[in-house]
Amino acid sequence: MPQVPISLSCRDVFLSFGGVSALAGVSFDVLCGEIFAIIGPNGAGKSSMLNCISGLYRPQKGSIRFKETTLNDLPSHRRARLGIARSFQNIALFREMTVVDNILVGRHLHLGCGLIANGIFFGRARSEELRHRAKAEEIISFLGLTAVRSQPVGNLAYGLQKRVELARALALEPELLLLDEPMAGMTAGERDDMVRSILEANAAYGVTVVMIEHDMGIVMDISDTVCVLDFGRRIALGTPAEVQSDPHVIKAYLGEEDD
Amino acid sequence: MSRSTDNSTSSAGPTTTVFKNDLALLGSAPARISLLLVIALTACLPLSNSSYILDVANRCGIAIVAAIGLNILTGYTGLISLGNAAFMAIGAFAAGFLATKGGLNTLYCIPLAGLITALLGMVIGIPSLRLKGLYLAMATLAAHFIVEFLVVKWESVTGGVAGLSIPAPVLAGLQLDSDRSLFYLIYGVVLLATIFAANLFRTRTGRAFIAIRDHETAAGVMGINVFQYKLAAFGLSSFYVGVAGALTACQAKIISPETFPFSLAIDSLAMIIIGGLGSVTGSILGALFLTLLPEALRLATTALSGSYPALVGNIAPLKEMIFSILIIVFLVYSPHGIVSWWRSLTARFRRDSAVQKPKRR
Amino acid sequence: MDLTFLLQLLINGLVVGSIYALVATGFVIIYKSTSALNLAQGEFLMVGAYVCMQAMVGFKLPFLAAFCVTLLFTGLLGILIERVILRPLLGSPVISVIMVTLGLSGLLRSSLQLCFGTDTKPFPEILPSAPVHLGPVPITQGYLYAVAGAALLLVLLTLFFHYSRAGLALRATASNQQTALSMGISVKQMFAISWGIAAVVSAIGGILLAAIRGGVDMSLAYMGLKVLPVVILGGLDSIVGAIVGGLVIGILENISGGYLDPLVGGGIKEVVPYIVLVLILMIRPSGLFGKKRIDRV
């Protein structure tokens, strides 16, 4: 069996807010190209974990490595440059911009011209703008957003906004894609589309996906590895089948239902 | 829920033409026609022999440059500045100092003044740009009073309360001292300023500014260095405002600390709110509207002074009251400004023509 | 001699500072409960001074009646402003709210100017002006009353926030709107009340200031802008900070004015608070007593 390189490696990540610990020493490895799901009851620290990886929170202890680089002290825009993109649990689009422009912001790092070249808009600035707009159109049609491409995203339906978020993250051409509840609040049809898009992105571009999701059916269907968090601790890690039969997991989930 | 994945083939034409249209500055026929009309009308203005009309036109032009500058910072990047009058003062006195004490041609002093203002602006901005937006409002307010104090006290540079008198700019041996010659200079700058800003906001840098305004965290996650771009927005905005200040110096010929009162900063804010935050066209409309409004008010009060003599003495507070009410009404009822009316008008025009085609099929 | 001068400056600073403290308290009340930055706080002060003057001079009311009329008027004005101007902007970006208060300040200032003109109007003598001697330093009695009045009001406000139902509801709203809502507190009503209280407190500051100055004019509004250095120094969300900040800025500007003005030829008093503001932003932006926020995503 060939050795698959490790994409993301978290070691003893510890994070607390004013004395309340959100993450109490979480460790896991994500392999290149896999779909890695983080699940757990509400308040288990899933979003905090994702925020630590994308640089919105700084863990007090532990280390987070992406391939060869230690991420701990890097601001989020530097992590994006390394090839990490994400979507948000509560939609975080640029509301007044159109769908196209949102996706073009995702191309930010791939465009090279600065302020003055942009203002003069001649030669290279012009040609690169055209080239990347073409690229944005590819993503738009890949995710089926053509019909709404020039609408301000603030006006779109919830499910579409979620899809634009995925499109914007993919526009970065990331190696590691972090998705925070990409299917929350969607209709069944929209969920199917989203699952298909994630799988296609994973297959076509080889993107490693780390995903928080509540829908167990989907998680068990598409993930290669599942990590279960509860009260800021990792209580299980393994293939979907392993995790499903884990007594700790059963207890955590039954315990939640008792509330 | 309708699915749109399969719709990609049915929309208007091949995608390349679609996104080339996106990139065009003037997407619709009414926009192109009205722009031509505006340019033609503006070009006719110097034919007028009335120095009053030319003077008002020149002040409009300067206000446009200042308003675009403030809009880059406040409307597009979402950072409010109360220091516009101070930055205009910095530009004006920098130009004045270089022209009088440095003996430079005032024409070259204009871009230099812009650069100096941009540098000082960034120095002032650095401490507050790392904090929440409202701290920048505070810092720029403080900057206003500190700059005002320095302008009064630093007599060797600014001439103190007496002010400076600025020599006319010289272009190819021609003295630009009449209102008409200044008109060409000022509107040349207006044209450059407008084109630069319009280009900026259809490309990478401008999108980064807007992204920061709409969602700072998400902008960072997309790879935008938020602090660096905020600083760039502040620098560019200050450059525009500094140039507007230098043009004010050329136009007023004598500048003193009183040329740039705090109320000027509020007027600039009023221009972009009423014209349209985050819009170059809006900046222009707002600047025109609020520069012409007091003139109209003055004409009206002179006309009415026979029956209501009390009006004449109250032009200043009346002006302030109307500006204030407009600021409030626009923010509450039409937060996208005058330009949004124009947009919904042209959008209807575009939609009508788009709807007609499929009907014929 | 020198010490007398210093004491005189200190006392002047304390008097002005206590008025700053009042206006800043109003500012903080609004900021804490509605997170709006009210740049029209100084105009509330001015409205208070002018309305009280008009009631006494124009309508010939005795001071106490005029005082009550002023409080009622400004309180209702504050509530009205919240209802008509601020409420439609709930949920808008912070900068819209800041800018609308700028518009509001212009509206109030120009209305006063249209009603009363730009000349300085004499304010009736309501505080005795005969000096008392504090050791070697002569102090106008009115100053002492002004400080005492400001202090009394601040104590009353503290009691109100800690013991009254409305005060507790306001504090609950300020600390967490969601929780307040779930406890059956009408958050919108609390917003209106905060504006009302802020207007009243500033109006009292305005009356005191007008009384010790003996006149009212448009320059009172610039006084109001100085509330910004005060609240930045004290911390935007701290009432204690507003009081301490007010006193510190008042004393600082008077002392620096007294000692430095002769060196540079005037104007120091006007600029020192803003220099303090910039320094605080660089060193400790949350101010002396402000909370550091943890922004959760």
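Visitor: At what angle do α8(B) and α11(B) pack, and how far apart are their axes?
Guide: This is a predicted model. In it, the axes of α8(B) and α11(B) lie 11 Å apart, and the packing angle is about 175 degrees. Angles over 145 degrees count as roughly antiparallel. Therefore α8(B) is roughly antiparallel to α11(B).

Visitor: Which residues of α8(B) meet which residues of α11(B)?
Guide: From α8(B) come Leu182(B), Ile186(B), Val189(B) and Ala193(B). They meet Tyr240(B), Val243(B), Leu247(B), Cys250(B) and Gln251(B) of α11(B). By class, this contact has eight nonpolar residues, one polar and no charged.

Visitor: How should I read a nonpolar contact of that kind?
Guide: In soluble globular proteins, nonpolar side chains tend to be buried together. Now take the largest nonpolar core here, with 285 residues. Val65(B), Met138(B), Tyr240(B) and Ala49(C) touch the most other members.

Visitor: Which helix gives the most to this core?
Guide: Helix α8 of chain C, residues 187-213, with 17 residues.

Visitor: What does Met138(B) touch?
Guide: Setting aside residues up to four places away in sequence, Met138(B) touches Leu228(C), Ile232(C), Leu277(C) and Leu281(C).

Visitor: Is helix α9 of chain B enclosed or open?
Guide: Count buried residues. A residue is buried if 20 or more other C-beta atoms lie within 10 Å of its own. In α9(B), residues 204-214, eleven of the eleven residues are buried, so the helix is largely enclosed by the rest of the structure. Among them are Arg204(B), Phe209(B), Ile210(B), Arg213(B) and Asp214(B).

Visitor: What do the buried residues of α9(B) pack against?
Guide: Elements of two chains. In chain A, they pack against α3 (99-106) and α4 (115-120). In chain B, the partners are α3 (51-76), α8 (179-200), α10 (216-221) and α11 (226-252).

Visitor: How many residues of chain B are in contact with chain A?
Guide: 35 residues of chain B are in contact with 48 residues of chain A. On the chain B side, α1 (15-23), α8, α9, α10 and α11 each give two or more residues. The largest share, eight residues, comes from α9(B). That side divides into 15 nonpolar, 15 polar and five charged residues.

Visitor: What else describes the fold of chain B?
Guide: Chain B has 16 helices and four strands. Buried residues make up 49% of its 361 residues. Take the contacts in chain B with a separation of 6 or more: residues 24 or more positions apart account for 75% of them.

How values were computed:
Residues numbered from 1 in each chain as written. Chains lettered and ligands numbered in written order. Predicted model: local features only at pLDDT ≥ 70, side-chain atom pairs only at ≥ 80, totals over all residues. Buried ≥ 20, exposed ≤ 12 C-beta atoms within 10 Å, placed from the backbone. Contact = placed C-beta atoms within 7 Å. Nonpolar A, V, L, I, M, F, W, Y, C, P; charged D, E, K, R; others polar. Core = buried A, V, L, I, M, F, W, Y, C linked by C-beta atoms within 7 Å. Axes fitted to C-alpha atoms, helices over the stretch in contact; angles between N-to-C directions. Parallel < 35°, antiparallel > 145°, perpendicular 65-115°, else oblique.
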